[in-house]
Amino acid sequence: MKKVDFAFTEASLRECTAAAERFTGQGANWHNHVLKPTCMFNPRPGTYALVIENNSSGKILVHFADANPVEEEQYIVKLRHGAAILASPPAAAGTPSSGPSEPEILARIRDLSERRADWHHHMMFPDCVLNPRRGEWLITLEVSGEQDILQYASDTEPFETLREIENLFFAQETGR
Ligand SMILES: [Zn+2]
Ligand SMILES: [Zn+2]
């Protein structure tokens, strides 16, 4: 995958959460990203970057922080996907119908989490500026110290897959 440079406006944490609330109220097409200090997309490596991307207006807000603002992130993720996205444990819905690579990315992330490896993912919406496969939903996985980036593409929003990944991600970030 290729690094993407994107134009953004630096914002405070409060401005980011307020923007997420406003965009939700407006029914705007928006989403967020958490860029860890090692993330290939991070415009300021070494810091955490909370990204609020509005694809309706084309504007991107970024808040840089030395520590991961986990509570605000969880709030924003729930605004975007609904509270069920962080409900744990995931509902026993059986095996999600999915493309062939879904179990691979989930199995890999479960393994990384068990080993407490440093990983993070990106949920790239179909019109996300970071998405190399525009028009598809794409989940990507970055592992600290590894070059290869695992991708899982889907024609529909992979909610159940994302839910499990979000739960594992925040478990990692909060040490629980
Ligand atoms: Zn990343
Ligand atoms: Zn995006």
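Predicted model: local features only at pLDDT ≥ 70, side-chain atom pairs only at ≥ 80, totals over all residues.
**A colleague's note on the fold**

1. Now for α2 itself. The helix takes in residues 70–81, 12 residues in total. From the first C-alpha to the last it reaches 16 Å, close to the expected 16 Å at 1.5 Å a residue. Glu73, Ile76 and Val77 are its buried residues to look for. They sit on the same side of α2, because the arc they cover around the axis is only 100°.

2. What do the buried residues of α2 pack against? Their partners are α1 (13–26), β2, β3 and α4. Two of those names, β2 and β3, belong to a sheet, which is the next stop.

3. This open sheet has four strands, in the order β1-β4-β3-β2, and its pairing is mixed. β1 (9–10) and β2 are at the edges with a single partner strand each, so each has one side left without a neighbour in the sheet. α2 packs on this sheet, where it touches β2 and β3, and its direction makes about 150° with that of β2. Inside the sheet, six bridges hold β3 to strand β4 (residues 60–65) in the antiparallel sense.

4. The largest nonpolar core has 34 residues, and the members that touch the most others are Leu50, Ile52 and Ile139. Strand β3 (residues 48–54) supplies the largest share of this core, five residues. As a general remark, nonpolar side chains tend to be buried together in soluble globular proteins.

5. Leu50 is worth a click. Setting aside neighbours within four places in sequence, its contacts are Cys16, Asn32, Val34, Val62, His63, Ala65, Pro69 and Glu73. Glu73 on that list is one of the buried residues of α2.

6. On to the loop between β2 (30–35) and β3, where you will find Asn42. Is Asn42 buried or exposed? It is buried, because 20 other C-beta atoms lie within 10 Å, and 20 or more is what counts as buried. Beyond its neighbours within four places in sequence, Asn42 is in contact with Leu35, Pro37 and Ala49. Asp127 is 85 residues away from Asn42 along the chain, and their C-alpha atoms are separated by 19 Å.

7. Arg116 lies in the loop between α3 (102–114) and β5. Arg116 counts as exposed because it has 9 C-beta neighbours inside 10 Å, and 12 or fewer is the limit for that label. Its backbone deserves a look too: Arg116 has a positive phi of about 55°, although it is not a glycine.

8. The other sheet is open as well, with three strands in the order β5-β6-β7 and antiparallel pairing. β5 and β7 stand at the edges, each with a single partner strand, so one side of each lacks a neighbour in the sheet. From one strand to the next, the twist averages 15°. Helix α4 (residues 159–174) packs on the sheet and touches β5, β6 and β7; its direction makes about 145° with that of β5.

9. How much of strand β6 (residues 137–143) is buried? Six of its seven residues are, so to speak, under cover: the strand is mostly covered. Six bridges join β6 to strand β5 (residues 119–124), and these two run antiparallel. Examples to check are Trp119, opposite Val143 in β6, and His122, whose bridge partner in β6 is Thr140.

10. Last, the partner on the other side. β6 and strand β7 (residues 150–154) run antiparallel and are joined by five bridges, and Leu138 stands opposite Ala153 in β7. The two strands form a hairpin with six residues between them, and in the turn Gly145 has a positive phi of about 85°.

Terms used: Residues numbered from 1 in each chain as written. Chains lettered and ligands numbered in written order. Core = buried A, V, L, I, M, F, W, Y, C linked by C-beta atoms within 7 Å. Contact = placed C-beta atoms within 7 Å. Pairing = 2+ DSSP bridges. Axes fitted to C-alpha atoms, helices over the stretch in contact; angles between N-to-C directions. Expected span 1.5 Å × (residues − 1). Arc of directions from axis to C-beta.
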